[in-house]
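Subject: Structure handover

Hi,

Here is the structure for you to look over. My notes follow below it.

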Amino acid sequence: MKKKILAASNDPGPASTMSSVISALKKIKDLEVIVLGEGPSQSIFDSNSISYKTLAEYGINELNPNSTQHIFEQEKPSLVFTGISEFSNLERYFIDTARKNSSMSVSILDGYDYESIRLKDSKVNPEHKFRPDYLMLIDQIVKGTMLKEGFSENQLIVTGNPYYDSLVHLKESFFQDDLLNVRNDLGIDRKDYLMTFLSQGWSNSIKANPEEDNGYTELTVLRSLEDALNVLDIRDLCLLVKIHSREDLEVTRTAFTGKLNKVIFNKGYNTRHSILASDLVSGMFTNGLIESVYLDKDTVSLQPGLNKEDRLITNKLGLTVPVYKQEEVLPTLRKVIYNQEFKNELKERRAKLNLDGKSTERAVEFIYELLN
């Protein structure tokens, strides 16, 4: 009899990290994998050709502990596999239901910013804290954080991030013709100096959880960026703003006052391809900035006004260039764009990074061993 895994996700980040693992698990003959996709995760599963069910297909109109219990009674999974969504309770309810039904739960963390507020989620009852039986982690840094959060050593396994496995192949197989094709798709001239800003719907996050306010939003950052780029007056500049799935495009547009000649907004195009076609990549603290580093791009983390600890690990490691004060935006951009010695230094640091492309393999092996 096949053992059944129920995989559930709501947010795009966790879904992206889980997708290669889910696809690999589905190929194992003695396993059955049921995927539940809600919210933005659905577009990620679609793009990875992963079939999924929705709450509505189970006759459920409202997410609550009773609805996840209903699904459990129908599917009877041996193991629940999740990520962790920022504000949805989907994963928390399934983990709690798994515990009550004597099933195992395994979750994978797709980044570094997992302090108590996100693990707890102030919108849910304390009994639904994010506490799976096992956690798969990116590296030893995250492991240290999870130990401080109360997880035990035997609950934690360092697999790496499966979502990054494909970066190895992509970086090696992306050539000049591919770059030109991407620029053509996005309406960007081959001669343009392309700066890409990987945006986040941070203003919406702050509205939902005021305690997440860290001194800036994507709107304040983009206003600062526009002012700085206007002063720099880069020849043939094109600014590409990659809109996050939870972000309101029309609201983000209001950050700009018309000082730049060419600003392109895009929500659906492949982010990694956009990064590879760029001359410079920027953002706030999105994991996309970490991917940019692995794809060997000069990368700036713009967080002017930051009033909390920086959550982007690559800033601490010197792999991305952080900006924490308003007055530092312009000189930092000037340095990254024009100072060749500094650019060479950044490239040397990136050259020391190593991805082995085996994170998916390690994650699949861990889950399979738990089931057997």
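Methionine 18 sits in helix H1, residues 12–26. Helices here are DSSP runs of H or I with at least four residues, strands are E runs of at least two, and both are numbered from the N terminus. At 0% relative accessibility, methionine 18 counts as buried. Buried means under 20% relative accessible area, exposed over 50%, and partly exposed in between, with a 1.4 Å probe and protein chains only. Methionine 18 touches Ala7, Ala8, Ser9, Phe81, Thr82, Gly83 and Ile108, not counting residues up to four places away in sequence. Contact means heavy atoms within 4.5 Å.

Before going on, the basis. This is a predicted model: local features need pLDDT of at least 70, side-chain atom pairs count only at pLDDT 80 or more, and totals for chains, interfaces and linings use all residues. Residues are numbered from 1 along each chain as its sequence is written, and side-chain values use heavy atoms, with hydrogens and water left out.

Next, leucine 289. This residue is in helix H13. Its relative accessible area is 0%, so leucine 289 is buried. Leaving aside neighbours within four places in sequence, its contacts include Leu198, Val281, Met284, Val300, Leu312 and Thr320. Leucine 289 and asparagine 315 are 26 residues apart along the chain, and their C-alpha atoms are separated by 9.8 Å.

H7 spans residues 165–173, and its buried residues are Asp165, Leu167 and Leu170.

Now helix H16. Its 12 residues should span 16 Å at 1.5 Å a residue, and its end C-alpha atoms are 16 Å apart, which agrees. The expected span is 1.5 Å times one less than the number of residues. Phe342, Lys343, Leu346 and Arg350 of H16 are buried. They cover an arc of only 100 degrees around the axis, which puts them on the same side of H16. That arc is taken from the directions from the helix axis to the C-beta atoms. The face turned away from the buried side carries the exposed residues Glu341, Glu348 and Ala351. Cover for the buried residues of H16 includes H13, strand S12 (321–323) and H15.

How do H15 and H16 pack? Helix H15 (residues 329–338) and helix H16 (residues 340–351) pack at an angle of about 80 degrees, with their axes 6 Å apart. The axes are lines fitted to C-alpha atoms over the stretch in contact, and angles run from 0 to 180 degrees between N-to-C directions. H15 and H16 are therefore roughly perpendicular to each other (65 to 115 degrees; under 35 is roughly parallel, over 145 roughly antiparallel, the rest oblique). From H15, the contact is made by Lys335, Val336, Ile337 and Tyr338; from H16, by Gln340, Phe342 and Lys343.

Last, two backbone points. Lysine 76 has a phi near 50 degrees, a positive value in a residue other than glycine. This lysine 76 is in the loop between helix H3 (65–75) and strand S3 (79–82). At 61% relative accessibility, lysine 76 counts as exposed. Serine 102, also not a glycine, has a positive phi near 60 degrees. Its loop runs between helix H4 (90–100) and strand S4 (104–108). Serine 102 counts as exposed, at 72% relative accessibility.

Best wishes
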